[in-house]
Every structure is written in structure tokens, then in C-alpha cells.
Amino acid sequence: MKLGHIGGMRAAGYILGIETSCDDTGVALVREGCLVGQALSTQSAHAEFGGVVPEIAAREHHRLLPVLYDRLLLETGVDPGEIRVVGVARGPGLLGCLLTGVSFAKGLSLGLSARLTGVDHLKAHLLAAGLELGLEFPALGLLASGGHTELCRMDSPLLFQRLGRTLDDAMGEAFDKCAKLLGLPYPGGPLLDRVAGEGRVDKTRFPVPYVDNANLDFSFSGLKTAAAVALEKSSGIRIPIGRSLDDLDSSSRRVLADFAASFIRSLVRGVMIKLDRALSASRGVRSLVAAGGCAANSSLRAALVEFAQKKGLNLVLPSPGLCTDNAAMIAYAAWIQAKAGRFHGLDLEAIPRGREIPEDFV
Ligand code: KG4
Ligand code: ZN
């Protein structure tokens with residue numbers, strides 16, 4: 001079964017997508033499975049705290065949503081009366097943040113007489129590539145973000161089965177926590193990625209995390225501890241407070257780059273081993289979908305390309321802007337739900353991290 005972004009559905013007006021599950025505020029419009037426009041803001045207020053502060057994030061969503069909505073309408077020239085469906089990320093995520101988006105969505109759906117549909121943020125990540133490429137099912141999905149790391153079998157755009165998940169930190173947290181140990185600001189994943197490109201990999205420096213078991217779950221906390229212990233033993237790697245990566249002299253930067261390259265190699269290797277096992281256990285899979293902020297990581301992307309080639313899989317890798325949190329993927333998933341007649345009433349609940357998302361369509 002194929003799902004492309006061209007054709008498929010009869011014109012049914014515009015679908016608005018709203019994303020507020022963590023620290024990105026976004027609204028986007030999709031029509032017939034194609035992105036019409038997006039207004040997105042990544043909150044910078046959290047950098048000085050070394051991580052997302054839920055209370056600040058929720059207040060920022062509350063402040064930004066109306067501004068971004070107006071900007072989106074202005075830039076696209078869309079008449080709000082043509083919005084037929086309001087889709088909103090209902091979870092998992094930070095509860096206060098989700099409530100802000102869900103309340104905004106309910107108000108809009110009432111005001112515009114548009115249908116409401118609550119979107120599973122994780123499924124939206126895995127479907128995001130459909131905005132750029134054709135999705136082919138059954139597929140194996142790897143979702144690796146700042147809050148989640150999951151392996152899924154995707155039998156259709158609406159039928160997902162979880163095969164494995166992280167037991168502790170998400171892959172993005174592992175990147176961010178290692179970066180923090182090195183003195184890099186939050187979110188450190190992209191910076192670690194950048195500096196690792198200059199480093200040499202030592203395959204023996206860090207353990208490959210959580211592979212001596214028979215399951216498809218992940219655990220990254222041991223690798224994080226290994227990084228902390230290694231750092232304690234070696235002096236001169238950490239960036240001094242008040243300094244940045246670019247302030248380091250060339251030899252300190254090389255030491256830090258080697259550390260980052262070896263850490264990332266172990267992390268990626270652990271993920272690829274589980275992916276390989278999941279593929280062996282899944283019948284009929286033809287394509288591999290990667291999603292979430294960590295799918296923007298260059299080492300992971302290179303490993304996925306090599307793996308897909310070796311296994312003869314069609315690799316679906318969204319462009320980096322569609323990997324990280326965005327509202328386009330929410331609008332796209334809402335379009336898929338609307339095509340299947342899956343809507344919610346005004347009693348739509350926001351679901352925090354840790355609770356299963358119910359299939360409670362009306
Ligand atoms: O999907 P996402 O934007 O938000 C969540 O739903 O969590 O993922 C954010 C995570 C952060 O941990 C960030 O450090 C990580 O994705 N990330 C990366 C890269 N770009 C984003 N990690 C490693 N390399 C990157 N290039
Ligand atoms: Zn996300």
C-alpha cells in the first residue's frame with residue numbers, strides 16, 4: 001500500500017495543525033495532503049536552564065499561538081472560513097503545554113465550525129515524511145526524539161504496533177545529557193553532531209548500550225553514566241563556563257570531538273542492532289521510516305542509509321526540518337485521520353507522557 005502526497009483525497013478544505021507538546025510552538029495548513037504553509041517558533045527561553053522548563057514552555061505557547069495563527073493566515077492568504085478541520089497534538093508531551101494547544105484548538109473549532117481531531121504526536125512524527133515522499137506499507141518505523149525512542153511496525157497510516165521502547169532516557173536525552181556534561185548548551189544534540197564530524201571514532205571507548213538481551217527495547221542511561229565516568233577521569237575536555245565550542249583551542253577541540261564521535265558511534269550502533277533485530281522479526285517489511293529530532297543526526301542518517309541499502313529497504317528519511325517538532329506533521333496526520341472519519345468532540349483530553357493515547361474517536 002502506498003500513500004503519496006499527491007492525489008488520494010477529494011478536496012475537503014484546509015486542515016489546520018497545532019503543535020505545542022514541548023518547546024516548539026507551531027501552526028500549519030495542509031490541503032489534500034500537501035503543505036500550504038507553516039508558522040513555527042522554537043522557544044529560546046530554556047537554554048539558560050539546561051532543559052525545558054514546563055511552566056515557561058506552556059506560558060510561551062499561550063503567548064505565541066494567536067500570533068503564529070494570524071501570521072500563518074496572513075502569509076498564506078487563506079480565509080479561516082475555509083478551515084474544515086482543526087488537528088492538535090493531544091499527547092504525549094508536557095501536560096501544561098498540551099492543554100494550551102488543545103484549548104486553543106477547541107476554541108478555534110467552535111469559532112470556525114470546523115471538526116476537531118486529536119493527533120498522537122509520535123504517530124505524526126512517523127508519518128511526517130509523507131509530506132515529501134510516498135510512504136510504503138508495511139514499514140518499520142524508528143522514532144527517536146528528545147522525549148521518546150520507539151520501534152514500530154506500521155501496517156497502514158492508521159495501524160501501528162509498538163515493538164520496542166526506551167526503558168529510561170530517550171535517544172535525544174542521551175545526546176543532550178552527554179552534551180551537557182561537555183559544557184554545551186541545551187539542546188546539545190545538534191552541537192554534538194557538528195563537533196563529532198571533526199573527531200575520530202574509538203570503537204572501544206564506550207559500551208554499545210543494552211544489546212545483550214533478547215528484546216527490542218532501548219536503554220541509554222548506562223552509556224550516559226559511562227560518559228560521565230570517562231569525563232571524570234580525563235581533564236580538559238569540558239568547555240569552561242561562559243565559553244563556547246568556538247572558544248576552544250584546536251587541541252582541546254580535537255579531544256572533545258574525539259569524545260563526541262566515539263559516544264555517538266556507540267549510541268548509533270546500539271540503535272542499529274535493535275533495528276536489525278526488529279527487521280528480522282517483522283514479516284513483509286519493505287520500507288524503513290526514521291523520524292524525530294535525532295533522525296537529523298548525521299551519523300544515524302549515514303547508518304540508516306547503509307542499513308537500508310544492505311537490506312534492500314526503501315528508506316524514508318524526512319528532511320531535518322520535518323524530523324524535529326513541527327506543526328506540518330500534525331496537520332498531515334490530521335488530514336489522514338479526517339479522511340478516515342476520525343474526529344473528536346470538545347471533551348478531547350490531553351494525554352501526558354507515560355499514558356497510552358486512546359483511540360477514542362467519536
Ligand atoms: O523531535 P524533537 O524535535 O522533539 C521531541 O519531540 O522531543 O527532538 C528533539 C531532540 C533533542 O534532544 C535534540 O538534541 C535532538 O532531537 N536533535 C539531535 C539533532 N537534532 C536534534 N540530536 C543529535 N543530532 C542532531 N543533529
Ligand atoms: Zn516530537
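I started with the second largest pocket: strand E10 gives the most to its lining, with five residues. I worked on a predicted model, where local features need pLDDT of at least 70, side-chain atom pairs count only at pLDDT 80 or more, and totals for chains, interfaces and linings use all residues. Residues are numbered from 1 along each chain as its sequence is written, chains are lettered from A and ligands numbered from 1 in the order in which they are written, and side-chain values use heavy atoms, with hydrogens and water left out.

**Entry: the pocket.** I noted a volume of about 490 Å³ for the second largest pocket. Of its 24 lining residues, Leu 122, Glu 150, Arg 162, Arg 165 and Glu 356 are the closest to the centre. H3, strand E9 (149-156) and strand E10 (159-165) each supply at least two residues of this lining. For my own reference, a pocket is an open set of points on a 1 Å grid over the protein atoms alone, with protein on both sides within 12 Å along at least five of seven lines, and lining residues have an atom within 4 Å of a point. Helices (H or I, at least four residues) and strands (E, at least two) are DSSP runs, numbered from the N terminus.

**Entry: the cavities.** How many cavities of 30 Å³ or more does a search of the whole structure find? I found two. A cavity is a set of points where a 1.4 Å probe fits but cannot get out. The largest cavity has a volume of about 180 Å³, and Asp 120, Lys 123, Gln 337, Glu 359 and Phe 361 lie nearest its centre among 18 lining residues. Strand E6 (115-120), H3 and helix H10 (328-339) each supply at least two residues of that lining. The second largest cavity comes to about 30 Å³; its lining includes Pro 209, Tyr 210 and Lys 274.

**Entry: ligand 1.** I counted 20 residues around ligand 1 (a heavy atom within 4 Å). Among the closest are Gly 146, Asp 176 and Asp 325. Helices H3 (121-127), H4 (171-181) and H5 (189-196) each supply at least two residues of the shell. Next I checked distances to oxygen atoms of ligand 1: a polar backbone atom of Gly 293 is at 2.9 Å, a polar side-chain atom of His 125 at 3.4 Å, and an N or O atom in the side chain of His 121 at 3.5 Å.

Note on methods:
A polar contact is a pair of N or O atoms within 3.5 Å; within protein, one must be able to donate a hydrogen and the other to accept it, and residues adjacent in sequence count only if both atoms are side-chain atoms. Grid points are joined across faces, edges and corners, and a volume is the space filled by probe spheres set on the points.
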